[in-house]
Amino acid sequence: MNGADDNDHTPQTGHKTGHKTGLKPDPAQLRDSYRNSLLLQQMRIATLQAALEERAIRVEGLEASLSWRITLPIRLARSLAAGRLPSGLKLRDILQRARDIQRDEGAAGLRRHLRRRLQRRRTPEPDASARLADIQVALSPVLHRSMLIIAELSVAQCAKYRVWQKQEMLATLGWPCVVIDWHDSEAARSALQCCTEVIFYRVPATQAALSLIQEARRCGLHSWWEVDDLIFDEPLYRLNSNLATLTPALREEVLSGIRLYRAAMLACGRAIASTPVLAQCMRDAGVAEVACIENALDDETIEIARTLAGPRAAPAAPMIVYGSGTKTHDADFATAAGALARLMRTHPTLRLRIIGDLALPVSLDGFASRIERLPSTTYRAYLRLLSQGDIAIAPLEDSLFNDAKSNIKFQEAAILAMPAVCAPRAAFRDIVVVERNGLLAQTPGEWEQALDRLIRDPGLRTRLGEAARDDVRARYAPRHIAQTQLAPLFGPTITDRASRPLRVLMVNVFLWPRSFGGATIVAEELARSLHDRDDTEIAVFTSRGEIDDRPESLLRYDWNGIAVFAAPLPQGADHVAGFDNPAAVRAFASVLDAVRPDIVHAHSIQGLGAGILRLCQERGIPYVITLHDAWWLCDRQFMVRGDRNYCFQTRIDLRVCQACVPHARHLEARAAILRQVLDHAAHLLSPSESHRALYLANSIPPDRISVNRNGIRRPTRQRSTRPPGSVPRFGFVGGNEAIKGFPILRLAFETIRSDRWELVLVDNTLNLGFSSIDTADWHVPGQVRVVPAYDQDTIDTFFDGIDVLLFPSQWKESYGLTVREALARDVWVIATSPGGQSEDIVDGVNGRLIALDGRADGLIAAIEEILNAPGRLDGYVNPHGAALADYETQAVDLREVLGRAAANPQDSSEASAATRSRVSNT
């Protein structure tokens, strides 16, 4: 690190330097990239584990110390007397919160919350992310129509017919559908940011569930609450005789659940029922919008039935089969039990098979040798056991509760061409045509007569079974239900991509309200400009600050009418995750599914990691990268050495870099991963020719990278006239970083003898609630003021208050946005050269260029030049101000690059070369 230009070094990046320009990455290169990621993650885990062990040793040492042991009783007594732990938390609140979490999410959920709480930082970030999480947003037109089902999945049969079956049918309509267990609240909250419809299936109104329903409302979603049983109306449920067969504890648990189900249903405001009777009960309960989607067949059921199909021979010992899904069917079965007992006596060879939980009535006690009891099993095994019988039965008590049930037991028997005798409840009456495809029975006599006929007449069994099979295939086929019941409710998705504008997903690590740095300002302004075009749709993927109740989930919010998806960044000193972040890749995958962009435009992605663009490669989505800085080449991002000075490398040599950061073991793998992502970009953009030259020196082919000069927001009013004879006013916007020249700036003003000047220092951390610049110990004769950072609304006021912008940056800036903002407002600029910061400065005409040599001499001379002739600033106008690019011009050229890359990523480089030539000649 001797400050020399290392042009003679060959890059030591640990990978081949060849490149590809299309969307078909070399599988070997992609495999190697993932192999390097795995290596990095192993390093990351080892580093974090070592840090944890070191901290544990420190804590153990502290707790073993004499002073800690002596003061422990005092600390504990004081805390308990105040009703809290030594940490300051109230015991009552802790216990109540623990009980709530365990009730809502179980023991695993409680452990998960405790683990997150221990990992969370105590001091929240001073940003607006938490406030954004409470602001209502609208459904964006960039969201591809998709369904999210947040469901209770513990009851396999219920999940099959109301969740997985619906996912399958929605797919036939072109609807992507994601299913998440409602207990996984973080995953559900993230998924809510990316869908356009949501169904809460059999979800009770626990605190966690209500927060998800509230989040759905915040995201502008129509929330549907769905169920296939009358479990939301306590008075009607109490009429169900099966309730009396439960233990008191289980009965109370069921009834309390009913109240929670009802509250969740009303909180959603829309409901989906499995039968018309159930739908009417929902309306009677106060739900204004109710739809009916029946239980139906699905591909799995049809396929299983096909494998079980075959001619049915008349058995010597016929078998009746009854499937009991839950423990709440004892009273239902009792309605047919007397008839079954008489038939068992009448037909000595008759057998009865019961699958699932059921308490047999005493009337059947004498027939144990002919009654087969089987436990609940998998669905495939259940249908196999059912198919081995000859007659299926579906007894139900005569009640409104049972009228609300579906006819799934008839469908399951019918698809096996098996005759069924069913109770005449509403859903069965709707499909069973007596003597044609089935039989109905309610009284003991009717049950005995219907079953006796089927036992004695194999031909009747065959005729009814085959007719039932044909009827359910026609009426309950999944595609038929999808078209007749789901499509009218949700509609098909829109798949005509050719008829819509170019859809761009922009990525930048920061965005409003966490705007930070020039690259973020450029990204924001370009997003605005592209959003205003009729031929472009845009969404943004970015990061967010810490939010207590959502540590890991995505957050969608609106910014100037643009949909923004924000993911949390790695916490603490997790350096590897800054460029290889699997969590960000998972979040980005959801956003890609939701937006389905034609192209991805990446700005600064440090913290989010390069894996998000590798994911674009896998999915065949072209991406363009704007190289705002040297992050893709330098682990320190700005090519700053450990002593905070510029390293002056041009062609990067990792051997030199390793000496700069000797503790880093990841440099070679990092370089390989990032280079692979660069090589497979549809195109690369640089904000300046100087910065482009840096990447050319590092083996980026010239036709792969062009200049898209950063724009500026032009002044909205004329500059105020400088009072004649007033002292020169200097401004500095670089913060307190050495790389921005802050120490050199201070040395210069402490060296200058004149007191006829004023210096305005911008401290951008003042907007975050603290200060990073302290001038109390400066020994200067002039006046120094520290002010907060300006924004795009106050930029004119700031530059109106200075005459000269000082930009003594100590590295070759990629652009220098502040320099252009000053030049556009007729402010004289003193800046280092070479670098992107100097390209629009004509030395002696609109500013003064000084050497980039780490010394203060040039800056002192340029300042004294102004102090010796302050009148030269009176009435000064930059003669080259009109040549500066603005955001509208930049957006036009960017849109051309993005459009060509999206249409033909293989050939985007040639088109972009023409754009580069036009922009460079502007």
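Reply: Happy to. An open sheet of six strands runs in the order β9-β8-β7-β10-β11-β12, with parallel pairing. Because β9 (371-374) and β12 (439-440) stand at the edges, each with a single partner strand, one side of each is left without a neighbour in the sheet. Strands here are DSSP runs (E, at least two residues), as helices are (H or I, at least four), numbered from the N terminus, and two strands pair if DSSP finds at least two bridges between them.

Me: Before we go on, what kind of model is this?

Reply: This is a predicted model, where local features need pLDDT of at least 70 and side-chain atom pairs count only at pLDDT 80 or more, while totals for chains, interfaces and linings use all residues. Residues are numbered from 1 along each chain as its sequence is written, and side-chain values use heavy atoms, with hydrogens and water left out.

Me: Good. How many bridges join β7 to β10?

Reply: Two, and the strands run parallel. Isoleucine 320 has isoleucine 391 in β10 as its bridge partner. On to β11 (residues 420-422): β10 pairs with β11 in the parallel sense over three bridges, with alanine 394 opposite cysteine 422.

Me: And which way do the side chains of β10 point?

Reply: In β10 (residues 391-394), Ile391 and Ile393 point one way and Ala392 and Ala394 the other, and all are buried. Buried means under 20% relative accessible area, with exposed over 50% and partly exposed in between (1.4 Å probe, protein chains only).

Me: What about β17, are its faces covered or open?

Reply: Both faces of β17 (residues 599-602) are covered: Ile599 and His601 on one side, Val600 and Ala602 on the other, all buried. Four bridges join β17 to β13 (residues 502-507) in parallel, and methionine 506 has histidine 601 as its bridge partner. β17 also pairs in the parallel sense with β18 (residues 623-626), over three bridges; there alanine 602 stands opposite isoleucine 625.

Me: Switching topic: how many aromatic pairs are there?

Reply: The count comes to 21 aromatic pairs. Rings of Phe, Tyr and Trp (its six-membered ring) pair if their centres lie within 6.5 Å; planes under 30 degrees apart count as stacked, over 60 as edge-to-face and the rest as tilted. One of them is tyrosine 322 with phenylalanine 333, a tilted pair at 5.1 Å centre to centre and 45° between the planes. This pair links strand β7 (residues 319-324), which holds tyrosine 322, to helix α12 (residues 330-346), which holds phenylalanine 333, and the two residues are eleven apart. Tyrosine 322 and phenylalanine 333 are both buried.

Me: Nice. Which residues do ring pairs link into a cluster?

Reply: Phe638, Tyr646, Phe648 and Trp811.
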